[in-house]
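Reader: I would like to go through this structure feature by feature. Please give the general idea each time, then the case at hand.

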Amino acid sequence: MMYNLSHQPGRWMFCEGSALLYFSGTSYLGIANDPVFHERLASSISQYGSNFGSSRVGFMRLAVYEETEELLARYLGQEAALTVSSGTLAGILAYKVFTTVGELIFAPNAHPALWLDIPESFSSRSEWEETCILKSHQSGPPLFIYSNAIDSLQVIEYDFNWLQRLGNKREIILVLDESHTLGIRGKDGSGILSSLTLPEQVQGVVIGSLGKGLGIPAGIIAGNKYWIDKIWNSPHFGGASPASPAYLDTWIQMQDHYKALRTVLYQNLIQFENLIGAENQVLRSVPEYPVHFSTKKTLSNHLLLHQMYVSHFPYPTSQDEPITRIVLSALHLPEDIERLATAILSYDPKL
């Protein structure tokens with residue numbers, strides 16, 4: 001069923017006279033509907049306007065970009081960072097630079113924003129890992145190892161311990177798409193890469209959207225200053241419109257609020273997991289992650305009968321099988337979590 005809305009869904013979704021509790025989307029911290037964020041954003045817009053219609057490489061620059069990028073680099077534990085207008089553009093810019101100097105190898109299910117040409121396919125993630133290890137022991141140009149930080153669709157946490165087996169015959173750069181982990185996973189929401197112990201010969205690069213957990217319509221590339229400078233000096237970066245400075249300024253000002261929202265989100269996750277039980281056979285989840293995956297095709301209709309909307313549609317193309325995901329956010333109240341858990345516990349997967 002298609003829903004055409006005239007509002008931003010938050011805790012609730014209103015459609016055709018019905019009110020549905022909303023457990024979908026990617027606004028994990030509820031920033032898109034957060035009144036404190038909106039108030040700060042309005043103030044930032046009055047200072048910076050809604051958009052910066054100029055190139056970042058021109059002679060007139062807004063200091064907020066450098067301030068944001070310095071803070072983001074520290075936040076992510078990287079030498080330098082670069083903001084762009086979207087996560088997809090971040091992936092494209094990195095690809096265009098990296099592919100001219102090195103060899104790129106993509107994990108299965110790597111997000112399409114990370115590549116332009118269809119990459120070599122692998123039958124499994126383990127095959128990809130073994131290929132990366134083999135190539136790392138062979139001389140050659142820099143090897144860029146691409147992966148999602150987490151499988152956000154089927155909610156699978158990746159094990160990166162295999163990185164310790166990488167060789168040192170060439171420069172190695174681990175490129176992680178942190179779009180679905182920034183703001184919610186890792187220390188202070190700094191993502192997966194910052195929590196990994198990388199071998200001495202391996203560099204790390206973060207690529208991702210800030211529009212999910214952090215609620216900022218922008219993308220980021222962070223890593224070794226050498227690579228960030230190369231992307232800065234690329235014609236595609238200089239020719240692209242930058243992210244909205246008002247949103248970046250808002251993000252700078254809202255660090256304490258983000259921390260408070262993460263606390264609320266984690267409380268919701270703990271409540272939900274306690275209610276449905278660790279051995280629940282309907283959902284798959286990972287610690288401190290607000291998305292729950294289910295293979296039960298009738299679950300979404302069951303929850304709809306209980307006035308709840310969850311994510312259930314074919315992805316990544318209309319020809320693929322529907323993916324069912326239940327998303328908790330910091331907007332949800334304890335009674336919402338209890339209502340959701342009660343409905344799931346009443347679901348008979350055999351129907």
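Reader: How many positive and negative side chains does the protein chain have, and how far apart do the centres of the two sets lie?

Author: This is a predicted model. Lys and Arg count as positive, Asp and Glu as negative. The protein chain has 24 positive and 34 negative side chains, and 2 Å separates the centres of the two sets.

Reader: Which secondary structure elements does the protein chain hold, and in what numbers?

Author: The protein chain has 10 helices and 13 strands. Its radius of gyration is 21 Å, close to the 20 Å from the globule rule for 351 residues, so the chain is as compact as a globular protein of that length. Along the principal axes, the C-alpha atoms fill a box of roughly 55 × 50 × 35 Å.

Reader: Which residues of helix α3 are buried?

Author: Helix α3 covers residues 87-101 and reaches 22 Å from first to last C-alpha, close to the expected 21 Å. Its buried residues include Leu89, Leu93, Val97 and Phe98.

Reader: Why does Val310 count as buried?

Author: Val310 is buried because its relative accessibility is 4%, and the cut-off is under 20%. Val310 is found in strand β12, residues 308-314. Leaving out residues up to four places away in sequence, Val310 touches Phe23, Ser24, Ser300, Leu303, Arg325 and Ile326.

How values were computed. Residues numbered from 1 in each chain as written. Predicted model: local features only at pLDDT ≥ 70, side-chain atom pairs only at ≥ 80, totals over all residues. Heavy atoms only, no water. Helix = DSSP H or I, 4+ residues; strand = E, 2+ residues; numbered from the N terminus. Rg over C-alpha atoms; globule rule 2.2 N^0.38 Å. Charge placed at Lys NZ, Arg CZ, Asp CG, Glu CD. Expected span 1.5 Å × (residues − 1). Buried < 20%, exposed > 50% of the residue type's maximum accessible area, 1.4 Å probe, protein only. Contact = heavy atoms within 4.5 Å.
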